[in-house]
Amino acid sequence: MATTSPATVHWGKVGALVGGQAAVQGGSFALLIAMNWTAVQLGGTRAVTLLMLAATVPRALMLIFGGAVSDILGPRIVLLRATSARVVVLAAGALVVAGTDRLWPLALVAVVEGSLLGLTGPASGVLLPRFAAREHLARANSLYAMVLRVAPIAGAPAGAWLITVGHLWVALAVAAGSCAVWLVCAAYVTRGFARPRREPGVSLVKRSGDGIRLLRARPRLRWMFLAAFTMDLAFSWPAEVALPLLVTERGWGVGAVGLILACFGAGALGSSALGAAFAHRVPLFVRLVLGGAGLAAGIVAMALMPSVTTLAAVAAGVGVLSGINGPAIVTFYQQAAPEGQMGAAMSTLALAGIGTAPVSIALFSTVSLGLGVERTWLLCGAVAVLSPVFALCALRAPAAAPPAPAVSLPDDSPATV
């Protein structure tokens, strides 16, 4: 497959990639808010649960195959075809929803959309290493992380506004338009990518296990996967479930939740912006190990803060460290993965995030019934301490040796004979 080896960073293509992702991620978050609100109106809590399962379960399952598909067909084919399919599905969904007020069209769109997102996720994750030199990959990933921070901040209120001034079909049409923008950007950034050479006798089903085999064979990937998994496991429940419960127990009012989340988002956004300029100058040990240890300490401190002001200040600090640590994990993973199996490697890293949130919520919600919210939150902080330990193990693990170059021999040499 054609690759690029830029001296620093190919900012033109990185900018197009980030801009396209900003458009599609913003449209996706707006659609998520609009669909959930519509589901509440149609069927209450059960309808929302059904819709979330319809979107997340197919996405997690398709991630298993998405990495293998990207490695076999190449990211260009996967991105262009799957994104084109998303545009068609969302546009068709807008037409169907405009004429009915039933739940089944929403569930069908969620299933197909989630499947396509799982298919394209690993293909998107392999692009940045092609446009940024190894020593500057952290800068590109920090810029990419900014998009992931801004998308929910801009997309969530946009979805609420769309559903108030119009109907769900408007949000679906906007999401289809944002996918079309990403399709154009993806076509530009992947121009010149060649399809990988097909390996005879290797099926998609067999390649779908490449991610697990990589974790087993490469200690650096295995330890970093565990670092990402434990941090996401520890962070999901406090952020998504425990925060409103803690605020309610202490009688601070629902506005405190918005303030705390806003401070966290601002901290993460600011550090990601600084990382886009200076991440390559910060040692990896600082970003991975010290940043992870600071995150664990911050999670513990958040549970103990006596006021909204102090909790918001700690949340901002946790956001800063998250904006440093998260892109560093992605960068390390990309650099440690073999080029021909980059899609499989990124699919396992994505599973560490997407697949962990439901486990974290189910596990710690059950534990909190006996320990209470604050003690369970502290337990999450203890679990987060494992992340920098695993990151340190990853840094100390030996790097995989590059494949030996092929040696051409004359036809009449003894070795050839």
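This is a predicted model: local features need pLDDT of at least 70, side-chain atom pairs count only at pLDDT 80 or more; totals for chains, interfaces and linings use all residues.

Reader: Which residues does Trp377 touch, not counting residues up to four places away in sequence?

Author: Its partners are Trp237, Pro238, Ala242, Leu243, Leu246, Ile299, Met302 and Ala303. Contact here means heavy atoms within 4.5 Å.

Reader: What makes Ser360 count as buried?

Author: Ser360 lies in helix α14 (residues 356-371). Its relative accessibility is 0%, and the cut-off for buried is under 20%. Ser360 therefore counts as buried.

Reader: Which backbone nitrogen lies 3.1 Å from a polar atom of the side chain of Ser360?

Author: That nitrogen belongs to Trp237. Trp237 is also among the residues in contact with Ser360, along with Asp232, Leu233, Ser236 and Ser365, leaving aside neighbours within four places in sequence.

Reader: Why are α8 and α13 called roughly perpendicular to each other?

Author: The axes of helix α8 (residues 210-217) and helix α13 (residues 342-354) cross at roughly 85° and come within 8 Å. Angles of 65 to 115 degrees count as roughly perpendicular, and therefore α8 and α13 are described that way.

Reader: Which residues meet there, and how do they divide by class?

Author: Asp210, Gly211, Ile212 and Leu214 in α8 meet Ala344, Ala345 and Thr348 in α13. By class, this contact has four nonpolar, two polar and one charged residues.

Definitions and conventions. Residues are numbered from 1 along each chain as its sequence is written. Side-chain values use heavy atoms; hydrogens and water are left out. Axes are lines fitted to C-alpha atoms, for helices over the stretch in contact, and angles run from 0 to 180 degrees between N-to-C directions. Helices (H or I, at least four residues) and strands (E, at least two) are DSSP runs, numbered from the N terminus. Angles under 35 degrees count as roughly parallel, over 145 as roughly antiparallel, 65 to 115 as roughly perpendicular and the rest as oblique. Ala, Val, Leu, Ile, Met, Phe, Trp, Tyr, Cys and Pro count as nonpolar, Asp, Glu, Lys and Arg as charged, and the others, Gly among them, as polar. Buried means under 20% relative accessible area, exposed over 50%, partly exposed in between (1.4 Å probe, protein chains only). A polar contact is a pair of N or O atoms within 3.5 Å; within protein, one must be able to donate a hydrogen and the other to accept it, and residues adjacent in sequence count only if both atoms are side-chain atoms.
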